[in-house]
Structure formats: C-alpha cells, structure tokens
Amino acid sequence: TKTILLKQRPVGSPTLSDFELRTTETEMNLATGEMLLESTYISVDPYLRGRMSDAKSYVAPFEVGKPLHSGVVAKVINSQHNNFKEGDFVSGMLDWKTKQISNGDGLLKVDGEKAPLSAYLGILGMTGLTAYLGLTQIGKPKAGETLVVSGAAGAVGSVVGQIGKILGLKVIGIAGTDEKVTMLTSEFGFDHAINYNSTDDMVAALKTACPNGVDIYFDNVGGPISDAVLFNINQFARIINCGAISVYNNTEVPKSISVQPFLVKNSALMQGFIVSNYAEKFPEAMKQLSIWLGEGKLTYTETVVDGFENTPQAFLDLFDGKNKGKMIVKV
Ligand code: NDP
C-alpha cells in the first residue's frame, strides 16, 4: 500500500517537500462490518490548502505525519460489510492511499453505468453541488440578469456558467489563459470570457462585457479580480464568496480595496458559502444536475493526472492553473 502523508505544514505556496510517500504492507484482516478498498480516482481541491495549515477554519486541519484525504472513488476488493460487496464502487472522503480498510461510514455506492466514475468527484460530486447550490441559494438568479464567474474554467466555475445559461442569464467568465477563454465560449456556452492575465484594465474589460452591470458575481478567486468585478455591480447585486484561491498561499494580509462602499451604495449582498452547510439540499441538487447532464444541457471537462505518486503535483498544479475543469488523479 502506498500512502501520501503531510510531512510539514506549508508556508506560502505548498511544495512537493511538504508531502511524503510511504509504502507499507497492505492490511488484509477485515473485522465484521469492514471492507478493503482500492482507490480508483482521487480528487485534488484548492480547499485542501486551508486544511494543510493549522489556522482555525470550518473543518479540522490535517495532522502532520498523517495521511491527507479528500474525495475518492474506490473499488471494494474484499468485504465483510452487509451493504457493500466485492466489485462495488464507492465515493466519499478517504485517505490518500492506494488501498485502505473502511467501515463504510460516509461512503456512497456509485454506479459507473450511469456516469463515468470520475464524474462523482466533479459534476456529480462536491464541485457540481457547490456550483448549483451556491448559484441558486445565494445568487437567486432571475432570467435576463448578468452573471460573472471567476475561476470560470475550473471545476466549479465551468458548471456555474452553464447553469447560469440554463437559467437564462447572460454569463461572463474570467480565466487565466486564451485557451480557457476560448473553451468557455465555444464549449460551455458562456456569452463572453476575459483572460485576466492578458487584460490590463479588468474594470474596463468588465464594463464592456457587462453593459448592463453585474447582478450576480460567483467568486472563486478573490483578490484584485474580484475588486474589479465589484466596481461593476448593480443595485441589489448578489456576491457568492465561494473561494479565494488567489490568496490561499498569502503569508501576509492582502492589501485590497475596501469593498464596503460598493456594497453600501448598491444595497448588495455578499455572503460566504460552504457547500457542506447545504447537505439537506444535496439530493435535490444531484437530481437536477443528473437530469441536465442526461439531457445534454450540462457538460464537463476533466484534467486527469495518471499515477497515485503524482497526487501532490496535481494538487500544486491547481495553483498554476494547469487544469481545465475538474483536476483528478487516476490511481
Ligand atoms: P478549480 O478547478 O477552479 O482550480 C483552480 C483554478 O484556480 C485554476 O485552474 C486557476 O485557473 C485558478 N487560479 C489559481 N490561482 C489563481 C490566482 N492567483 N488568481 C486567479 N485564479 C487562480 O478549482 P475548484 O473548482 O475545485 O475550486 C474553485 C474555488 O471554489 C476554489 O477557491 C475553492 O476553494 C472553492 N470551493 C469552495 C467550496 C465551498 O464549499 N465553498 C467547495 C469547492 C470549491 P486560471 O488558469 O483561470 O487561473
């Protein structure tokens, strides 16, 4: 069994030296109610950066010297559990291990016939739920409104924009390369997309792209990109603070414009969003996402990195924008 552990807490941007790969004998002895799992796909996510530090947050930090964990799809290869049999696939929060024993707590059976197994870590998993619930619960979209999405070519952002189109919004995406910008308009139906790396004046670019102003801002990145969007918000705008990847590796409090005047004068709502607070709405959201997927109204892309050993690098690559859509490791 191979395991990836947190070797030390990163300072600033994480590096490969913060992780350790360990190989041990596979534990094979199952007690009643346990099963042996073999990992198939591992999800790497920006929020894991927060768990690598010991600052207080909404979820406990990883422990130094212990395995990291995240969303994993795994195959049951041996079972003493009543609800799971050999050959089943499960999805849930599991350790970064090639093989592990589980008692099934928190695991859901997933069906590879209904959707590709990796989809349960993306569009039919945490990032799809985040996109749907963040946009609908806080964004409260009304047809005809203008939605801006940052991190638009990523796992959450690419789904937010498509749902916006399904709901009749005008959708503008912000992403970091020309290739991503083209993908957003040609494959995902965004009305317009802006490459923040090649745009000097984001405030002006957004003004041009959103002549009627911004009614909903789905924020995945924070920092100066978000400041530029706030310059363009309309009265009663809704701002969904889903993530702030541009500042996750900061070691100092970032200098940012003061957003309060924009919120005050526009009577705008800015609200933090954590998907796990909406668990009672997961079944309804999953159902809607599956329907749209089945109808071909929703599509998705993935960046699949091969090999368990490459999990830390895949995680680091999120901060360099190497992924299009959901970043996944194929074990
Ligand atoms: P993504 O698939 O969007 O991957 C991260 C992307 O962020 C990269 O591809 C990169 O794209 C962009 N990025 C990296 N660094 C910067 C930067 N400095 N400035 C601007 N963009 C940057 O990840 P997810 O879809 O999984 O997550 C998106 C956001 O949503 C994250 O902030 C994450 O923490 C948050 N999230 C929050 C949840 C919640 O419950 N609140 C749940 C899930 C995710 P590019 O090339 O465009 O720069």
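Biologist: Which residue stands opposite I42 in β4?

Modeller: In this predicted model, I42 faces V72 of β4.

Biologist: And what makes β3 and β4 a strand pair?

Modeller: The cut-off is at least two bridges between the strands. β3 and β4 (residues 69–79) are joined by 7 bridges and run antiparallel, so by that cut-off they pair.

Biologist: Why is β3 called largely enclosed?

Modeller: Buried means 20 or more other C-beta atoms within 10 Å of a residue's own. In β3 (residues 35–43), 8 of the 9 residues are buried, so the rest of the structure largely encloses this strand.

Biologist: OK, on to the ligand. What surrounds it?

Modeller: A shell of 32 residues, and the closest are G154, A155, G176, G243 and G321. The elements giving two or more residues to that shell are α2 (126–138) and α3 (155–166).

Biologist: How do you know which domains contribute to the shell?

Modeller: At least three shell residues come from each of domain 1 (2–122 + 301–330) and domain 2 (126–276).

Biologist: And what makes you say the two domains touch?

Modeller: Contact needs C-beta atoms within 7 Å. By that rule, 16 residues of domain 1 contact 17 residues of domain 2. The domain 1 side has 4 nonpolar, 9 polar and 3 charged residues.

Methods:
Residues numbered from 1 in each chain as written. Predicted model: local features only at pLDDT ≥ 70, side-chain atom pairs only at ≥ 80, totals over all residues. Nonpolar A, V, L, I, M, F, W, Y, C, P; charged D, E, K, R; others polar. Near = placed C-beta within 6 Å. Helix = DSSP H or I, 4+ residues; strand = E, 2+ residues; numbered from the N terminus. Domains from an automatic or database assignment. Buried ≥ 20, exposed ≤ 12 C-beta atoms within 10 Å, placed from the backbone.
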